[in-house]
Amino acid sequence: MTDVSIIIPVYNGENWIDECLEAVQNQQFKGQLEVSIYNDGSTDGTLSKLEEWRENLKEQSVVVVIGGNTSNPRGVGYAKNKAVNQSSGTYLCFQDIDDVMSSDRVSKQFQAAKSKTNSIVGSQFHRKPDGSTERFTKWANQLTPDQLYSQIYTSHGPTLIMPTWFCHRSVFSKVGGFSEGGKGEPEDLIFFLQHLEMGGGLCRVDSDLLMYRYHPGATTFSIHEDTIWKIRMEHIQKQVIDQWETFTIWNAGKQGKKFYRFLTTTNQKKVSAFCDVDPKKIKCGAYVYHESKDLTAGEFEKNLASLNLREGVDFFHFN
């Protein structure tokens, strides 16, 4: 019986395969491990490189299942679904070919997931090159257990980043797999929100278990921010705003106005005011864009604290 299947979709991943699968080879996990890879129409040397690694891992009693298509790429969601469907593990460990897991990743997440079979289990991570997306990395790694749920509407995307996901197979089956819309679709965000709507849980192992690579060829760069915006707007209205009688938008600038425009007519009528802490905007009496590297320099957070508002109940972060 296979305990854990490592799920790896790949498209033209020749340059990353050695580093990724060497890390799989070095896992300290004592259970039965399987690697399930779906090659989504690669045109480089991916397939031959994978076959080499199949033999290497076989020597360590790690089964490698390789599937794929030779036609045009069908997208990350499709490849992930295919990799899961051809796998046999009770638990699924999602891994991107351009990232590198630590030697204790599978063992630590397996232990956490055994008592949380209805949850997506993530982990902390670091980026390469060093310093890439520093603000995002700090945000994701320092979220509290409550904020894993309350900050799901921010522009950062899922509060547990997809390359760190680990879950019982039933979590995948319950949602029904990933959306297969192809390039430009945030299949991880769609799955993540559906999982939560169905009563699924979230958990993070507070150890750095992944090197999350930052490079121009990453799939993330093919997703337009307006696509993500629409999904977030739909979800926050359905899950939060539709239940409120009235609310305030804390941003008097262009992001606040965009948020208002994307509300349904019914929810627009619930907006009682636009608020802001930027003295430049207040003094002007109208919004004029000002570059700000430090956002509100902590003034927004101080304001919230002075009002004793509860995140996830009285207010939600969106941007």
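I will start on the surface, where W250, L307 and L309 make up a nonpolar patch with about 240 Å² of accessible area together. For a patch, residues need over 30% relative accessible area and no salt bridge; like charges are joined within 9 Å, and nonpolar side chains (Val, Leu, Ile, Met, Phe, Trp, Tyr) within 5 Å. The areas come from the Shrake-Rupley method with a 1.4 Å probe, and for residues only the protein chains shown count as cover.

Before going on, this is a predicted model: local features need pLDDT of at least 70, side-chain atom pairs count only at pLDDT 80 or more, and totals for chains, interfaces and linings use all residues. Residues are numbered from 1 along each chain as its sequence is written, and side-chain values use heavy atoms, with hydrogens and water left out.

Back to W250, which sits in the loop between β9 (247-249) and α10 (254-261). Helices (H or I, at least four residues) and strands (E, at least two) are DSSP runs, numbered from the N terminus. W250 has a relative accessible area of 32%, so it is partly exposed. The scale is: buried under 20% relative accessible area, exposed over 50%, partly exposed in between, with a 1.4 Å probe and protein chains only.

T264 is partly exposed because its relative accessibility is 39%. From T264 to H126 is 138 residues in sequence and 39 Å in space, C-alpha to C-alpha.

Next, the spaces. Rolling a probe the size of a water molecule over the atoms shows where empty space is left. The search runs on a 1 Å grid over the protein atoms alone: a cavity is a set of points where a 1.4 Å probe fits but cannot get out, a pocket is an open set with protein on both sides within 12 Å along at least five of seven lines, and lining residues have an atom within 4 Å of a point. Grid points are joined across faces, edges and corners, and a volume is the space filled by probe spheres set on the points.

How many cavities of 30 Å³ or more are there? The count is one. The largest cavity has a volume of about 30 Å³, and its lining is N118, V171, K174, V175, H195, M198 and G200. Helix α7 (residues 169-175) gives the largest share of that lining, three residues. By class, the lining of the largest cavity has three nonpolar, three polar and one charged. In that scheme Ala, Val, Leu, Ile, Met, Phe, Trp, Tyr, Cys and Pro are nonpolar, Asp, Glu, Lys and Arg are charged, and the others, Gly among them, are polar.

The second largest pocket has a volume of about 160 Å³. Two elements, α8 (187-197) and α9 (225-239), each give two or more residues to its lining. Lining residues of this pocket include L193, E197, I231 and K238. The classes in the lining of the second largest pocket are three nonpolar, two polar and three charged.

Now salt bridges, meaning a side-chain nitrogen of Lys or Arg within 4 Å of a carboxyl oxygen of Asp or Glu. The whole structure has nine. One of them joins R213 and E19, at 2.9 Å from N to O. R213 is in strand β8 (residues 201-213) and E19 in helix α1 (residues 17-25), so this pair ties together parts that are 194 residues apart in sequence. R213 counts as buried because its relative accessibility is 9%, while E19, at 34%, is partly exposed.

A second bridge links R54 and E51, with the closest N and O atoms 3.0 Å apart. Both lie in helix α2 (residues 46-58), three residues apart, about one turn of the helix. R54 is partly exposed at 25%, and E51 is partly exposed at 33%.

Another bridge pairs D206 with R204, at 2.6 Å between the closest N and O atoms.

Last, the backbone. The peptide bond from K128 to P129 is cis, with omega near 0°. P129 is in the loop between β6 (119-128) and α5 (134-142), and T133 lies in the loop between β6 and α5 too. T133 has phi near 40°, a positive value in a residue other than glycine.
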